[in-house]
Amino acid sequence: MRPGDISEIKHLYRLEPEKCNIHRISGCFVNGDKEKVVHFTESFQLLPEEERFKYLEIFRKCLSGTRDKNLILLRPRQVHRNDGSGDMTGEECKLLQALIETDLKDEDTLQEFYDKVIENYNYVDNFLILIARQNYDVPGKTLDGLDLEDASEEVYCHMVCAICPVKPTKPGLGYDPSEKAFHNLQPGQIVEMPMNGFLYPAFIERSQDPDFVLYFSKDSVDIRPGFADAVLGSATPLAAAGQKESFSSLLTDTLGDEGDLSTVLQIHENLQTIVREKKEEQESPILKKEDVRVILRDCGVPEERMEDFDDRFDAIFTLNPDEAGGDPAGGAGSEEPESGEPEAEDANGAVKDTALSRYPEEIPIEERIFVASNLVPQRTLEVKNADFSIRINTNRTELLETKVIDGQKCLVIRLEDGVSVNGIPIRL
């Protein structure tokens, strides 16, 4: 989905509640023992206005964040027909389509979905599963981009799902307006902003596309690929941090002794060019194996250093962390916990996906990609060793060069006016 597509759907959840076209919302409150405490389905327009605003804020959050880091476009698996007549929608998407088609009215379908989420969402505390079902009359547009409200091209029927932590409030003194006095307030349970969620079907080029889902993860480091695989039927790409770490490892192994400053800077410059060009086209700067190979060759990496490139690239996306030079999702040294050991938790109490739970199978070839914007800094480039760290504007890397001076290897920075040390201007 392009930024414009995301913004258009996100705007639906910014409207005044009475203008919003959400038919129903459904929810299931799950406790720390993975038991359903209560589940409900409500007519959205019959809710108090204050509650409708709160629900809209939660669903809007599932459409927020940085594209390719917090918002990731996924393609669910399809079932191949044995007779070769084409592909069928996978079971996961069939369930999502059933939720939409039944307008959240079918209790069996809702319970099947809740059960699947509860079984596959690793979280040690209370959480709330929320679903909104909405129709959107997609307006036509003039050549100059203006909406034609009376010329709807299609009705976009979709659902947004949000998974929110439910935290206890702290007891304390509070003001009671009815008695105009302060009293001890009893602790309750409050729904926080979602940790994960998704939009289905995706809205691509202003039209619904059931072959894709827009996945949201508040945490861009641990994007819960095990959950996305089980509930959405889709393998996820490496998390943004994992992509950067894995790409750096790939370059280190491929370049070897050929990894001089000019080559590394040229690679970064080429990547930044790709990011800028795709940004103008409002597209994600996706790099497949062949794209990375072309970049390295264009930057003068010798053919002998490229002999094992395919194996190194594929190793990043394999199940065995040892072959990939670390955890496939970017968490160095992550291992499957032994039986009886407590599972690792993040700051929110969520159980982190382990290497084996992330990818029940190795990532399909079509999903073995890097996103260029996750690989290179867009503002400053860092040069460092054990004794120093230098940050330089990515547009001024020509100021850097390496030289041998008096027999010593030196990093040379061409200085211009306005140099300071720890905030103190110095004379050149």
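The model is predicted, and local features were taken only where pLDDT is at least 70, side-chain atom pairs counting only at pLDDT 80 or more, whereas totals for chains, interfaces and linings use all residues. Residues are numbered from 1 along each chain as its sequence is written, and side-chain values use heavy atoms, with hydrogens and water left out.

The protein chain contains eleven helices and 22 strands, these being DSSP runs numbered from the N terminus (helices: H or I, at least four residues; strands: E, at least two). Of its 428 residues, 42% count as buried, where buried means under 20% relative accessible area, exposed over 50%, and partly exposed in between (1.4 Å probe, protein chains only). The accessible surface of the protein chain amounts to about 23,300 Å², and carbon and sulfur atoms contribute 47% of it; accessible areas come from the Shrake-Rupley method with a 1.4 Å probe, and for residues only the protein chains shown count as cover. Among contacts (heavy atoms within 4.5 Å) in the protein chain with a separation of 6 or more, 63% join residues 24 or more positions apart.

The C-alpha atoms of Val-166 and Pro-194, 28 residues apart along the chain, are separated by 9.7 Å. In helix 7 (residues 261–280), Gln-272 is likewise buried, at 7% relative accessibility, and contacts Val-376, Pro-377, Gln-378 and Thr-394 when residues up to four places away in sequence are not counted.

A search of the whole structure finds 18 salt bridges, each defined as a side-chain nitrogen of Lys or Arg within 4 Å of a carboxyl oxygen of Asp or Glu. Arg-293, which is buried with a relative accessible area of 13%, forms a salt bridge with Glu-290 (2.8 Å, N to O); because these two residues are three residues apart in helix 8, they are separated by about one helical turn. Glu-290 is partly exposed, at 43% relative accessibility. Arg-293 also forms a salt bridge with Asp-310, the closest N and O atoms being 2.7 Å apart. This second pair links distant parts of the chain, with Asp-310 in helix 9 and Arg-293 in helix 8, 17 residues apart.

Asp-308 is found in the loop between helix 8 (289–298) and helix 9 (309–316) and, at 40% relative accessibility, counts as partly exposed. Together with Asp-257, Glu-258, Asp-260, Glu-304, Glu-307 and Asp-311, Asp-308 belongs to a patch of negative charge on the surface. Patches are made of residues with over 30% relative accessible area and no salt bridge, like charges being joined within 9 Å and nonpolar side chains (Val, Leu, Ile, Met, Phe, Trp, Tyr) within 5 Å.

How values were computed:
Lys, Arg positive; Asp, Glu negative; His and termini not counted. Charge placed at Lys NZ, Arg CZ, Asp CG, Glu CD.
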